[in-house]
Amino acid sequence: MLNTMNTGLASYFLALSELEGISFASLMFWTLQDGKWMQKALRLASQGAKLGEVPVGAILVHDQQIIGQGFNQPIGCHDATAHAEIVALREACQRLQNYRLPLQTTLYVTLEPCTMCIGALIHARVDRLVYAASEPRAGMVGSQMDLSMQPFYNHNIQVHRGLCSEHSSQLLKTFFRERRRLAKQNKNSV
């Protein structure tokens, strides 16, 4: 019995070590699957940053399968609504041929959703939202107000915040620092 338990613990800690950027302490309240999906969302955010988009990534998961994913694309798509969450929702709805998502669908996103995005998540019937970093200026699930808890909606979303928040925050800070540096460099060269 003890050997079986030790083997199980060893594989648990091995799996933990495979999740880059997540400390053991931060996983105390998260499943390994949550960590895995948020890591994928962070990779999507980095992909967007390489294209000059604000680094936000989103993954929609149902039955441990990705049904939709995306990163911010408003600049490249010339579309103010092309936030990561909306891109992921559009992909999932097209794939499933339904504007409502299946029960027990979770959205993992690297930044707290805005007004538009939380509204779309409610209308699509997402059950659970897990986000990394808070958005103090325009976050609508806790920072400025909590639209997910308003009694006038006919659907409620479970909201969980803070998974990989340091990693996401650092990605955003680095992106905006570089953007300011380039803007200053361009201004000085004119």
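Mentor: The account below begins with the helix and then turns to the annotated residues. This is a predicted model, in which local features need pLDDT of at least 70 and side-chain atom pairs count only at pLDDT 80 or more, while totals for chains, interfaces and linings use all residues. Residues are numbered from 1 along each chain as its sequence is written, and side-chain values use heavy atoms, with hydrogens and water left out.

Helix H4 covers residues 84-96; helices (H or I, at least four residues) and strands (E, at least two) are DSSP runs, numbered from the N terminus. Among the buried residues of H4 are Ala84, Glu85 and Ile86, where buried means under 20% relative accessible area, exposed over 50%, and partly exposed in between (1.4 Å probe, protein chains only). The buried residues of H4 pack against strands E1 (57-62), E2 (65-71) and E3 (105-111) and helix H5 (115-124).

Glu85 counts as buried because its relative accessibility is 4%. UniProt, in an unreviewed entry, lists Glu85 under "active site"; its positions are given in the numbering used here, feature names are shortened, and annotations may be inferred rather than shown by experiment. Beyond four places in sequence, Glu85 touches residues including Ala58, Leu107 and Cys117, contact meaning heavy atoms within 4.5 Å.

The unreviewed UniProt entry also gives "binding site" for His83, Cys114 and Cys117. These span 35 residues in sequence, yet no two of their C-alpha atoms are more than 9.3 Å apart, so they gather at one spot. His83 lies in the loop between helix H3 (74-77) and H4, and its contacts include Cys114 and Cys117.

Definitions and conventions. The expected span of a helix is 1.5 Å times one less than its number of residues.
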